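Here is a friendly walk through one protein model.

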Amino acid sequence: MRCREGENGTAPTLIQSVRRAVRLLDELERRGGTGSAKQLARDAVLPLPTAYHLLRTLVHEGLVRNDHGAYRLVSPLRRGAGTHEPALGIQAWVDTLSRELDAAVYFVQYLDGEVRLGAVSGNPARPPVEEWADFRATAHAHAAGQSLLLQLEPEERDDHLSRHRVTALTAHTVATRGDFERRLAAAPRRLPVLEHQEYAVGTACAAVPITVGAETAAVALSIPAAEGARLRGLAGRLRKRAEQVLIAQTFAVAAVGHEP
């Protein structure tokens, strides 16, 4: 007898939620595009509450339709103009998040051994942090970079830190590589990273990891340090929004041809 995921009481990680959602898609496809929540939960070996939660998300994203308890796949080619579109461009997404969270928002990736800034919100009410020190070379000092480094394999992280020396940018920055590596070792890989004035004095930041397959990315936000009491709550909201979009983006691709 297989154990159902989620029965140990622990909260699912971002990637676990995506994998579970894709399994529901697989079962819907196997059943010819329709099935009840109980059938899908049983076939995908998921707790029923988890299946309901993911199915509600997929219905909201317009990728699955609920016909009086029967869940049906919605073809991307037949979706109406009024359906919520999950394939939102990254720039539009960070701009929307910036307004929702009342914070500057950033999308970053780790590509070819370097931190890459993919998009920055353009909200005049919440301007981004000024890049006064090379963003790529100071990953140890900002939440976005720390989140990316946490996702890397040990040898990749060692290579990065060998090329980009850990140095103190402010009085709050971890100043040595040894101290920084011990900090990373103690940090949960899948939880938000919080950072207070480590990259820039007067700024507090949070970042949430986004990892699917070989892609390593994160979404981050920044607020004035004087508003630091908001940071933990904002990080939680950012994580939920990232999870919703990641599942939707995965299904947008998987709905037209998923490979397990």
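What does the accessible surface of the protein come to, and what percentage of it belongs to carbon and sulfur atoms? In this predicted model, the accessible surface is about 13,100 Å², and carbon and sulfur atoms hold 53% of that area. The protein has 260 residues, and 47% of them count as buried. Eight helices and eight strands make up its list of secondary structure elements. Among contacts with a separation of 6 or more, 60% join residues 24 or more positions apart.

Let us start with helix α5, which spans residues 143-151 and is mostly covered. Nine of its nine residues are buried.

Next comes a pair of helices. Helix α6 covers residues 154-163 and helix α7 covers residues 177-186; their axes come within 12 Å and cross at roughly 150°. An angle over 145 degrees counts as roughly antiparallel, and α6 and α7 are therefore roughly antiparallel to each other. The crossing of α6 past α7 is right-handed. On the α6 side, the contact is made by R157, D158, L161 and S162, while α7 brings R177, F180, E181 and L184. By residue type, this contact between α6 and α7 divides into three nonpolar, one polar and four charged. As background, an α-helix has 3.6 residues a turn, so residues three or four places apart point the same way.

| Residue | Helix | Relative accessible area |
|---|---|---|
| H160 | α6 | 1% |
| E27 | α1 (residues 14-30) | 14% |

Is H160 buried or exposed? With a relative accessible area of 1%, H160 is buried, since the cut-off for buried is under 20%. Setting aside neighbours within four places in sequence, H160 is in contact with Y110, G113, V115, R136, A139 and L149.

For D43, 16 residues from E27 along the chain, the separation between the two C-alpha atoms is 6.7 Å.

Terms used
Residues numbered from 1 in each chain as written. Predicted model: local features only at pLDDT ≥ 70, side-chain atom pairs only at ≥ 80, totals over all residues. Heavy atoms only, no water. Buried < 20%, exposed > 50% of the residue type's maximum accessible area, 1.4 Å probe, protein only. Helix = DSSP H or I, 4+ residues; strand = E, 2+ residues; numbered from the N terminus. Contact = heavy atoms within 4.5 Å. Areas by Shrake-Rupley, 256 points an atom, 1.4 Å probe, with all protein chains shown as cover. Axes fitted to C-alpha atoms, helices over the stretch in contact; angles between N-to-C directions. Parallel < 35°, antiparallel > 145°, perpendicular 65-115°, else oblique. Left-handed = near helix turned anticlockwise from the far one by under 90°. Nonpolar A, V, L, I, M, F, W, Y, C, P; charged D, E, K, R; others polar.
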